[in-house]
Amino acid sequence: MAMSVEIGGGTLSEIYQSAKKLLLRTRDGLEKLERLENAGGIDSPDLSTSVKRDISQIQSLCSEMDRLWRSVGAKSQRDLWKRKVEQIAEEAQSLKESLDKYNLRNQKRAQEARERSELLGRANGEGAHVLRIFDDEAQARASVHSSSRMLEEASATGESILRKYAEQRDWLKSAQRKGLDVLNTMGLSNSVLKLIERRNRVDQSIKYAGMVLTVVIVVYLIWRWR
């Protein structure tokens, strides 16, 4: 028997049919969301919002029908409509719970994605810091190696200079002895010999002063370079 009770321009039967259509559309939309989720965690905010809006509308229609069936005259019809409205309300609640679970899963995936992004960002930053440390250490090792090489070269140069001065000293001593022998042979006076020895000591002082000055200059150049 068709119901004549109306609310908002529609009978109880018409509101019930509208609620059934919304249930079908809502169930189909929720299934699409779950298929997208299973396909790789793809989210569709527009579809999710549409499903949520349909569920709210169904619940609103259930509230309207809950008031309408109480106005039905025959008890058997009231009991029938009561069961129908309760069934629609239960299905709407079940769909709402499914949508809530989907939203929770989606929020969890979004949170995990943000955390992974932050971890990767920190890892990249730390990696760059480690690389900078390695670069600094490599540059320090190269600088130490270069300094050591320069010191070795300077030391070798100093040793070569000292050897040359030693050779010159031996040559001068030999020349001095030969000169003294010649002078003694020629019978020169002791005063002339002393003058020659004094001049020889002055020459040696100049020679040693030059050696010391050379070493000081080399050490100063190394210090300035470092």
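Reader: So how are H1 and H2 oriented to each other, roughly parallel or roughly antiparallel?

Author: H1 and H2 are roughly antiparallel. By angle, under 35 degrees counts as roughly parallel, over 145 as roughly antiparallel, 65 to 115 as roughly perpendicular, and the rest as oblique. Here the packing angle between H1 (residues 12-38) and H2 (residues 45-69) is about 155°, and the axes are 9 Å apart. Axes are lines fitted to C-alpha atoms, for helices over the stretch in contact, with angles from 0 to 180 degrees between N-to-C directions.

Reader: What kinds of residues make up the contact of H1 with H2?

Author: The contact has 16 nonpolar, five polar and three charged residues. Nonpolar is Ala, Val, Leu, Ile, Met, Phe, Trp, Tyr, Cys and Pro; charged is Asp, Glu, Lys and Arg; the others, Gly among them, are polar.

Reader: Before we go on, what am I looking at, and what are the ground rules?

Author: This is a predicted model, where local features need pLDDT of at least 70 and side-chain atom pairs count only at pLDDT 80 or more, while totals for chains, interfaces and linings use all residues. Residues are numbered from 1 along each chain as its sequence is written, and side-chain values use heavy atoms, with hydrogens and water left out.

Reader: OK. How many helices and strands does the protein have?

Author: There are four helices and two strands, and along the sequence they follow the pattern β-β-α-α-α-α. Helices (H or I, at least four residues) and strands (E, at least two) are DSSP runs, numbered from the N terminus.

Reader: Salt bridges next. How many does a search of the whole structure find?

Author: Nine. A salt bridge is a side-chain nitrogen of Lys or Arg within 4 Å of a carboxyl oxygen of Asp or Glu. As a general point, side chains of opposite charge can pair when their charged atoms come close.

Reader: Which residue does Asp54 form a salt bridge with?

Author: Arg25, with the closest N and O atoms 2.9 Å apart. That pair links distant parts of the chain, since Asp54 is in helix H2 and Arg25 in helix H1, 29 residues apart.

Reader: And is Asp54 buried or exposed?

Author: Asp54 is buried, at 3% relative accessibility. Arg25, at 48%, is partly exposed. The cut-offs are under 20% relative accessible area for buried, over 50% for exposed and partly exposed in between (1.4 Å probe, protein chains only).

Reader: What about Asp28, which residue is its salt-bridge partner?

Author: Lys32, where the closest N and O atoms are 3.6 Å apart. Asp28 and Lys32 are four residues apart in helix H1, so about one helical turn separates them. Asp28 is partly exposed at 36%, and Lys32 is partly exposed too, at 38%.

Reader: Where does Arg70 come in?

Author: Arg70 and Asp66 meet through their side chains in a salt bridge at 3.4 Å, N to O. Arg70 is exposed with a relative accessible area of 52%, and Asp66 is partly exposed at 29%. There's also a network: Glu37, Arg105 and Arg109 are joined by salt bridges that share partners.

Reader: Switching to serines. Where is Ser44 found?

Author: Ser44 sits in the loop between H1 and H2 and is buried, with a relative accessible area of 18%. Leaving aside neighbours within four places in sequence, Ser44 is in contact (heavy atoms within 4.5 Å) with Leu33, Leu36 and Tyr102.

Reader: And what does Ser48 touch?

Author: Not counting residues up to four places away in sequence, Ser48 touches Leu33, Leu99, Tyr102 and Asn103. Ser48 is in helix H2 and counts as buried at 10% relative accessibility.

Reader: Is Ser60 buried or partly exposed?

Author: Ser60 is partly exposed, with a relative accessible area of 41%, and lies in helix H2.

Reader: Last one: what share of the residues is buried?

Author: Buried residues make up 20% of the 226 in the protein. On contacts, among those between residues at least 6 apart in sequence, 73% join residues at least 24 apart.
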